[in-house]
Amino acid sequence: MSITNQQAAGRAFLRALYADPYFPDHVVDRGRAVLLRLCERIEAERPRDLAALYALTRTATEEFNLLEADFEAAGSGIETVAREEIAEDFRFVASTYGFADADVEELIAARDW
């Protein structure tokens, strides 16, 4: 499935991570894929309220949790810069799909990073 929302489709997700050599591109690519899948799921499932959105973002956040080991294996990690960039992209996704009032901390509440 391709993303139909033009704002989401045109977003350069995790831009700051790609710009910093501390974060290996091959792992950042996996994080970008998580965010793109989140957009696809939102478009397919059309969450009606914040609770439904938070269920989708929980799954995506848990996928980022699993990526922590990949970052560490590559000599990197999900630290302050990465946490802020990931959280901002989750906020962007929520806002883009009509949930501007979503709490960013709730969007990523399942995080281990």
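**Helix packing and selected residues in a predicted model**

Gly 98 is located in the loop that joins H5 to helix H6 (104-107), where helices (H or I, at least four residues) are DSSP runs numbered from the N terminus. At 61% relative accessibility, Gly 98 counts as exposed; exposed means over 50% relative accessible area, buried under 20%, and partly exposed in between (1.4 Å probe, protein chains only). The C-alpha atoms of Gly 98 and Asp 49 are 9.8 Å apart, with a separation of 49 residues along the chain.

The structure is a predicted model, in which local features need pLDDT of at least 70 and side-chain atom pairs count only at pLDDT 80 or more, while totals for chains, interfaces and linings use all residues. Residues are numbered from 1 along each chain as its sequence is written, and side-chain values use heavy atoms, with hydrogens and water left out.

Helix H3 (residues 25-45) and helix H4 (residues 50-73) have axes that come within 10 Å and cross at roughly 165°. Axes are lines fitted to C-alpha atoms, for helices over the stretch in contact, and angles run from 0 to 180 degrees between N-to-C directions. H3 and H4 are therefore roughly antiparallel to each other; angles over 145 degrees count as roughly antiparallel, under 35 as roughly parallel, 65 to 115 as roughly perpendicular and the rest as oblique. The crossing of H3 and H4 is right-handed, a term used if the near helix is turned clockwise from the far one by less than a right angle, with left-handed used if anticlockwise. Residues of H3 in this contact include Val 27, Val 28, Gly 31, Val 34, Leu 35 and Leu 38, and those of H4 include Leu 53, Leu 56, Ala 60, Phe 64 and Leu 67. Contact here means heavy atoms within 4.5 Å. By class, the contact of H3 with H4 has 12 nonpolar, 3 polar and 6 charged residues. Ala, Val, Leu, Ile, Met, Phe, Trp, Tyr, Cys and Pro count as nonpolar, Asp, Glu, Lys and Arg as charged, and the others, Gly among them, as polar.

H3 also packs against helix H5 (residues 80-96), at an angle of about 20° and with the axes 11 Å apart. H3 and H5 are therefore roughly parallel to each other, and H3 passes H5 in a right-handed crossing. On the H3 side the contact is made by Leu 35, Leu 38, Cys 39 and Ile 42, and on the H5 side by Asp 89, Phe 90 and Val 93. This contact of H3 with H5 has 6 nonpolar, no polar and 1 charged residues.

For H4 and H5, the axes come within 12 Å and cross at roughly 155°. H4 and H5 are therefore roughly antiparallel to each other, and the crossing of H4 past H5 is right-handed. In H4, Leu 53, Thr 57, Ala 60, Thr 61 and Phe 64 meet Ile 86, Phe 90 and Ala 94 in H5. The residues of the contact of H4 with H5 divide into 6 nonpolar, 2 polar and no charged.

Two buried residues within helices were also considered. Leu 17 lies in helix H2 and, at 1% relative accessibility, counts as buried. Leaving aside neighbours within four places in sequence, Leu 17 is in contact with Phe 23, Val 28, Val 81, Ala 82 and Glu 85. The C-alpha atoms of Leu 17 and Ile 86 are separated by 9.2 Å, although these residues are 69 residues apart along the chain. Asn 65 is part of helix H4 and counts as buried at 14% relative accessibility. With neighbours within four places in sequence again left aside, Asn 65 is in contact with Ala 110, Arg 111, Asp 112 and Trp 113. The side chain of Asn 65 reaches the backbone nitrogen of Asp 112 at 2.8 Å.

Backbone angles were considered next. Most residues other than glycine have a negative phi. Leu 14, which is not a glycine, has a positive phi of about 60°. Leu 14 is found in the loop between helix H1 (6-9) and H2 and is buried, at 1% relative accessibility. Arg 46 also has a positive phi, near 45°. Arg 46 is found in the loop between H3 and H4 and is exposed, with a relative accessible area of 65%.

Notes
A polar contact is a pair of N or O atoms within 3.5 Å; within protein, one must be able to donate a hydrogen and the other to accept it, and residues adjacent in sequence count only if both atoms are side-chain atoms.
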